[in-house]
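Here are some notes for a colleague who is new to reading structures. Please keep the model open while going through the points.

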Amino acid sequence: RELSFPVVATSGNISDEPIVIDQDEALSRLCDIADLFLVHDRPIERPVDDAVMRVVCGESQLLRRGRGYAPAPIAVLGLPSGIVAMGGHLKTTVALTRPDGIVLSQHIGDLETIEARKAHARAVADIARLFAVKPRIVARDLHPDYASSRAADASGLPVVGVQHHLAHVAACMAEHGIAPPVLGVSWDGAGCGPDGTVWGGEYLLVAKDGWRRVAHLRRFRLPGGEAAVREPRRAAFGLLHEAFGAHASAMSDFAPVTAFSNRERAVLNTMLTHGVNAPWCSSAGRLFDAFAALCGLRLRASYEGQAAAEFEWAADNNRDDRIYDFPVRDGAEDGCLIVDWQPALAAAIADLRAGTAVGGISVAVHRGLATAIAEVARRACVRRVMLTGGCFQNARLTEYAVTALRAAGHDPFWHRQIPPNDGGIALGQAAWAGWSERSGGG
């Protein structure tokens, strides 16, 4: 008020890098950002971000474990001590098993830069020193090119690989103290699948003797691979191509098509037809991106999950009661049930052409996906269902899914104290590695 212009208070860091905690480093690295520096003579021991949470199903849900919440143990009893988990590549945390449970670190962030990787290494050393536990086994994601995976391989310790979406499910089980059998609905943007495809819309049945994939979203190709994460229009084009083939290029009344030139569309069609730099995915996150782009909400994203978040927000205050059909089909080549998005896509296209508000389409997609979750749970004949992965930061999806599962007689569990996103991966890696060691390698 006194300055008569906005003042923004935020962390002292360059985008995608960890917080700067050293005064001299701040003066050199942040000199092009800040005009003035307010310093103190008390040194900061370690960087810890603010915690972030939202309300889901009437309860608080941590999206980022920061000050006041980390590092702190999660009571998972009976695990062998000394397993250090390296987390994923985005929203990274690390974890360590000890007799009273699993300690999960503060948010470290995305391991895209050298500084972030140095912060990750410091966090691993810090957590072991702070809790006086010597690491003897290291758990990591199956993706070989994650910086966290390379750090695990370079540690000199025995390495245990834990599949990305299984780690999400294990994190939810550990948080709630749930033992098998459970059905894990693990939905996020991307994770390395054992079959060589990009997973992200998975239903995993976890039993006492192991786990298996029982269902997943119907696959489609992502033209440009990781470029589709930054450009939701690519995910939408891949979805349309899978549904309608080369005829998708003629759908000139939709932004994901007109956003590309004729030459670009020809190149994309070739990529998708021949599978050149266009990996298969079953990703729920990319499916949300595709619907958001189809509705014209977001063609290019400036941060991860932006398109999906805007698609969720579009449904706010919309009282449309329509629901799209996502039928659960048998007969997949991999023996899994398939949740088919094509009827919903066709219905959304028809509604858009009829002038239906984007909010109504968003509601219909969210309600349809929640119904499909309950249907797979019914077919799996499992009562307890874990809702996990970054897509369950989406309060509308979570609330619809919880309602549908309870109406069908299931017990749904979702995250409160552990982030559903990749900030919870380390907890799941540590828990699964510990359970596997305790049971002799299951």
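1. Trp 435 has a relative accessibility of 17% and counts as buried, because the cut-off for buried is under 20%. Trp 432 also counts as buried, at 11%. Please bear in mind that the model is predicted.

2. Where do Trp 432 and Trp 435 lie? Both are in helix α14, which covers residues 425–438. They are 3 residues apart, about one turn of the helix.

3. The rings of Trp 432 and Trp 435 form a pair, with centres 6.3 Å apart and planes at 80°. The pair is edge-to-face because planes over 60 degrees apart are classed that way.

4. How many aromatic pairs does the count come to? The count is 8. One of the pairs is formed by Trp 199 and Trp 211, which are edge-to-face, with 6.5 Å from centre to centre and 80° between the planes. This pair links distant parts of the chain: Trp 199 belongs to strand β10 (residues 198–207), while Trp 211 belongs to strand β11 (residues 210–217). The two residues are 12 apart.

5. Are Trp 199 and Trp 211 buried or partly exposed? Trp 199 counts as buried, with a relative accessibility of 4%. Trp 211 has 29% and counts as partly exposed, because this value falls between the 20% limit for buried and the 50% limit for exposed.

6. Trp 199 has a charged neighbour as well. The charged end of Arg 213 sits over the ring of Trp 199, at 3.9 Å from the ring centre.

7. Which residues do ring pairs join into a cluster? The cluster is made of Trp 187, Tyr 203 and Phe 392.

8. The last two points concern a pair of helices. Helix α9 (residues 284–294) and helix α10 (residues 306–314) have axes that come within 8 Å and cross at roughly 65°. The helices are therefore roughly perpendicular to each other, since that class takes in angles from 65 to 115 degrees. The crossing of α9 and α10 is left-handed.

9. Which residues make the contact between α9 and α10? On the α9 side they are Phe 288, Asp 289, Phe 291 and Ala 292. On the α10 side they are Ala 307, Ala 308 and Phe 311.

Definitions and conventions: Residues numbered from 1 in each chain as written. Predicted model: local features only at pLDDT ≥ 70, side-chain atom pairs only at ≥ 80, totals over all residues. Heavy atoms only, no water. Phe/Tyr/Trp six-rings, centres within 6.5 Å; stacked < 30°, edge-to-face > 60°. Helix = DSSP H or I, 4+ residues; strand = E, 2+ residues; numbered from the N terminus. Buried < 20%, exposed > 50% of the residue type's maximum accessible area, 1.4 Å probe, protein only. Lys NZ or Arg CZ within 6 Å of the ring centre and 35° of its normal. Axes fitted to C-alpha atoms, helices over the stretch in contact; angles between N-to-C directions. Parallel < 35°, antiparallel > 145°, perpendicular 65-115°, else oblique. Left-handed = near helix turned anticlockwise from the far one by under 90°. Contact = heavy atoms within 4.5 Å.
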